[in-house]
Structures are given as structure tokens and as C-alpha cells.
Amino acid sequence: MSGGATEDGALLVYMSADSAPPFQHEVHAQLYEATGAGGAVVGLGGGCGGGGAASAVGSFAVGSTDFAFLLTGAAGGTTGVAYLALGGTGAPISCGPCTVTLPIVTLGAPLTYGGARLDVPVPCVQSLISGAVEAQWWVVAPSGCTLAPDLSFSNRLQATVGE
């Protein structure tokens, strides 16, 4: 790739040479792609109340810096905070009309006019390939869930890490 290119690949060229006479050498080339197409992101349903709609953009692949979870159409006025619960792919909790992902970590993002975005860079760790995470947004708004009546939940997403 030349200067100004926006692709995520490169051609690596290197030479190996003997350190003793007759000093033979070889030139090698290898095409390298920084990130692949990414893994699948699948909708699992389960939203309730004014939780809005969860979606994702970018490549969910090892080394990717352009992946993000999005929220649109959530209750909560023009400003506030939306929370993204990230959890394993175990059994969710059912609560009235809601299906809730059990969070391992919860991250906050500014909620503006019912929308939020949380960038999630994926570490460049090969052992993450094929691993999966569930994600679900929640906002402060009535939902009908007796365990958390003041919280509304978006639909749930399952994202699998790709190459």
C-alpha cells in the first residue's frame, strides 16, 4: 500500500542472506492483512420498555479498532447515560417482558436524543478468535420488569470474534 491508502493490508518484503561466502541471499514477500471481515453479530431479541434498538458497526475481529456498539430510539430525553452490559453467552434472566443479559462488565456512554455509541477495540490476541460476548444496552425508564422497574433494556446482541 502506498501513502494515503486506507486498506488494512500490506506487502511485507524482506531478504535473508548467508553471513559467510558465497553470501547467497533470497528475497521473500508475504501479503499481510491486519484484520479480517470479523465475526458474526446476531440479534437475540429481548428488549422491553424504552430500551431502544442495539446494533453494531465495524469489524469484530482481533486487532480491530473500528468496532462499536450502537443504540438508537431509547427513552431518556435528550441527554443522560446509556449503559452497555457485556456478558458471557450463558442463560439470560427473564423478567416480565424483558430478557436481560447477565453482565460481566457494564460501561456507560452519553445518551443523546435516544442514541449512544460505545467503541470497543478488540485486542490483537489470537486466542480470542471464535470467542463470543453478549451485549445489551439499558437506560433509566420504566420497563415492566419487577426486578428492575426503573430500567428499560434494548434487544440483546451476540458478537463472535473473527480473524
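Is V27 buried or exposed in this predicted model? V27 is exposed, since its relative accessible area is 59% and a residue counts as exposed over 50%.

**Figure 1. The surroundings of V27 at the surface.** The residue V27 belongs to strand β2, which covers residues 25-33. Together with V13 and M15, V27 makes a nonpolar surface patch of about 320 Å². With a relative accessible area of 59%, V27 is an exposed member of this patch.

**Figure 2. The edge-to-face pair of F67 and F69.** A search of the whole structure finds three aromatic pairs. In the pair shown here, the ring centres of F67 and F69 are 5.0 Å apart and the ring planes stand at 85°, so the pair is edge-to-face. The cut-off behind this description is an angle of over 60 degrees between the planes. F67 has a relative accessibility of 0% and therefore counts as buried. F69 is likewise buried, because its relative accessible area is 1% and the limit for a buried residue is under 20%.

**Figure 3. The aromatic cluster.** Which residues are linked into a cluster by ring pairs? The cluster consists of F60, F67 and F69.

**Figure 4. The stacked pair of Y83 and W138.** The rings of Y83 and W138 form an aromatic pair with a centre-to-centre distance of 4.4 Å. An angle of 20° separates their planes, and the pair is stacked. Y83 is located in strand β6 (residues 79-87) and W138 in strand β11 (residues 132-140), so the pair ties together parts of the chain that are 55 residues apart in sequence. Y83 has a relative accessible area of 28% and is therefore partly exposed.

**Figure 5. The chain as the setting of the close-up views.** How many helices and strands are there in the chain? The chain contains zero helices and 12 strands. Its pattern, read along the sequence, is β-β-β-β-β-β-β-β-β-β-β-β. The chain has 163 residues, of which 33% count as buried. Considering contacts between residues at least 6 apart in sequence, 62% join residues at least 24 apart.

Technical notes:
Residues numbered from 1 in each chain as written. Predicted model: local features only at pLDDT ≥ 70, side-chain atom pairs only at ≥ 80, totals over all residues. Heavy atoms only, no water. Phe/Tyr/Trp six-rings, centres within 6.5 Å; stacked < 30°, edge-to-face > 60°. Buried < 20%, exposed > 50% of the residue type's maximum accessible area, 1.4 Å probe, protein only. Helix = DSSP H or I, 4+ residues; strand = E, 2+ residues; numbered from the N terminus. Patch = residues over 30% accessible without salt bridge, like charges linked within 9 Å, V, L, I, M, F, W, Y side chains within 5 Å. Areas by Shrake-Rupley, 256 points an atom, 1.4 Å probe, with all protein chains shown as cover. Salt bridge = Lys/Arg side-chain N within 4 Å of Asp/Glu carboxyl O. Contact = heavy atoms within 4.5 Å.
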